[in-house]
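Visitor: I've got a model open and would like a quick tour. Could you walk me through a few spots?

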Amino acid sequence: MAPAGEDSAAGARLIVKETDLFALAFTTAGGDLTSIRLKQHHDVDGTEVELVLRPEQHRLFTVAFGSYRTEPVDAAFTFQEVDQHTWRFTREFKAEDGVPFTLAKTYTFPPNSYLFELKIDIENSANELPALDFQGTAYTLGIGPQIGPAYKNLDGRNEFRNFRNYVDSKARNQRMRREAVLAETKRVNWTAIAGKYFAIIAVPDATLYTITYDKRKDPELIERTALFFSRPLITSSRNSDTFRFYAGPLKREILNRYNNAANDPFAIGNYHFEEAARTNPIIGWLANILRFFLDFFYRLIPNYGVAIILLTVLIKILFFPLTQKSFESTSKMSMLGPKIEEIKKKYQGKPEKLNQEMMALYRKEGVNPVGGCLPLLLQMPIFFALFELLNNAFDLRGAAFIAPWIGDLSAPESFLPFGFTLPLLNWDELRILPFVMLGTTLLQSRISQNPSAMQPQMKMMMYAMPIFFFFILYSMPSGLVIYWTMQNVLSIAQQLYINDRRRRAGPDGGTASTGRGPRGPRGKSR
């Protein structure tokens with residue numbers, strides 16, 4: 001496909017525009033977008049969030065005459081400002097059969113909207129049909145090779161890029177292998193490249209495009225996540241295709257606005273963009289309840305770190321009866337250690353008699369051997385829901401607790417950069433919070449158990465599990481580590497209270513033991 005006139009994009013220039021929400025940069029080379037900065041959202045360093053990864057190298061909304069493998073058009077386009085919200089790029093081309101046509105890309109960015117429109121027009125003024133047939137494809141619109149904001153890695157937990165689409169009132173992730181390509185020929189309501197906190201969501205018109213999800217290896221990127229719309233053959237001398245795009249935060253309050261046609265600048269609505277945000281289908285409802293209380297505490301004290309601590313205290317209060325029983329049962333079992341060992345030695349090799357004596361001991365002492373586990377199991381859904389909430393809540397992004405130490409509750413805390421990466425561990429920064437969490441976890445285990453009465457396997461678990469979670473949580477969002485640490489602190493206080501009460505009650509559950517029985521009114525033993 002040959003451009004009419006000068007072929008080179010060497011004379012291309014940058015067109016900078018702004019709306020209420022976007023700071024945009026277009027290039028006349030191809031009429032593409034090279035920068036989409038979100039004016040109301042910032043990174044930790046204070047810069048506006050950029051949705052074009054490496055804008056100096058990459059462009060969005062490219063057009064290629066052919067499939068997704070075809071190099072996009074790079075010729076210089078003519079720029080026209082239609083009005084303060086609409087900008088048009090045009091260029092003359094000649095088809096393979098010599099028929100001239102105009103390719104026009106018209107962007108409309110309405111005020112106060114993350115939803116904008118791109119129209120692609122192909123026109124021949126002489127009413128001739130240009131030969132745009134590249135193995136059944138007229139042209140391909142490309143989004144990629146990767147969207148922003150910038151990241152250190154895509155570990156699928158702290159940051160990720162997913163393909164997600166919405167079809168027949170259902171949203172799903174387009175699962176595919178790394179470095180693979182997948183074509184979708186089914187009509188979709190929308191499809192998206194979704195990160196943890198931001199997304200670009202594409203809403204095609206009624207044309208049945210072939211959608212290509214592209215994860216091919218890119219030597220310049222950790223991972224390619226590109227999206228392509230290949231248009232079927234054009235059958236008239238004048239053709240117009242309309243795409244709408246949401247480029248912005250995955251914040252449900254914002255996403256839900258576009259379900260109402262009155263809030264949609266194109267008066268359509270009912271997009272269900274909120275389905276682009278990652279949720280857990282099993283415990284998402286519980287995470288939403290916890291989020292209500294988190295927001296409530298934030299309104300009382302506008303610091304999300306404090307709100308997380310208050311939410312932890314609330315959960316501890318609600319589960320106090322259960323944890324109290326769990327701690328008491330664990331403590332009783334710990335105190336029975338010597339008696340259990342004595343029974344095991346006495347009935348070694350007699351498993352039936354051993355079980356009978358053990359059960360008799362439990363009945364006599366009023367201990368349930370699984371009493372320490374069941375209450376904790378009942379709390380597991382809360383823990384997983386909190387993990388879901390604190391690991392994905394948009395409002396925690398960029399929210400500081402103790403600045404500058406903990407400047408972003410959605411990111412791992414950073415105390416001291418190493419300037420290098422530790423082998424095997426892949427650590428490049430020293431973090432203090434995980435060590436505090438580890439210390440409080442070990443202390444909690446120690447005061448709730450009687451190490452001298454514990455089996456060697458149990459002793460190993462008492463130290464191994466906290467260390468295991470230390471490595472798991474070392475690079476997790478600091479908000480989650482704050483919750484875990486605060487939970488440990490409250491559990492330590494609760495266990496100290498139980499231990500003190502037991503010490504005051506004495507070994508038989510009566511008054512404090514002094515080695516003598518209770519005394520009568522004249523000091524004589526009764």
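Visitor: Which residues of α2 are buried?
Guide: Quick caveat: this is a predicted model, where local features need pLDDT of at least 70, side-chain atom pairs count only at pLDDT 80 or more, and totals for chains, interfaces and linings use all residues. Residues are numbered from 1 along each chain as its sequence is written, and side-chain values use heavy atoms, with hydrogens and water left out. Buried means under 20% relative accessible area (1.4 Å probe, protein chains only). On that cut-off, the buried residues of α2 are Gly 284, Leu 286, Ala 287, Leu 290, Leu 294, Asp 295 and Phe 297.

Visitor: What is the strand order in the open sheet?
Guide: Strands pair if DSSP finds at least two bridges between them. This sheet has four strands with antiparallel pairing, in the order β2-β3-β4-β5. Each of its edge strands pairs on one side only: β2 (14–18) and β5 (48–50).

Visitor: Which residue in β5 is the bridge partner of Leu 38?
Guide: Strand β4 (residues 32–42) and β5 pair antiparallel over three bridges. In β5, the partner of Leu 38 is Val 49.

Methods
Buried means under 20% relative accessible area, exposed over 50%, partly exposed in between (1.4 Å probe, protein chains only). Helices (H or I, at least four residues) and strands (E, at least two) are DSSP runs, numbered from the N terminus.
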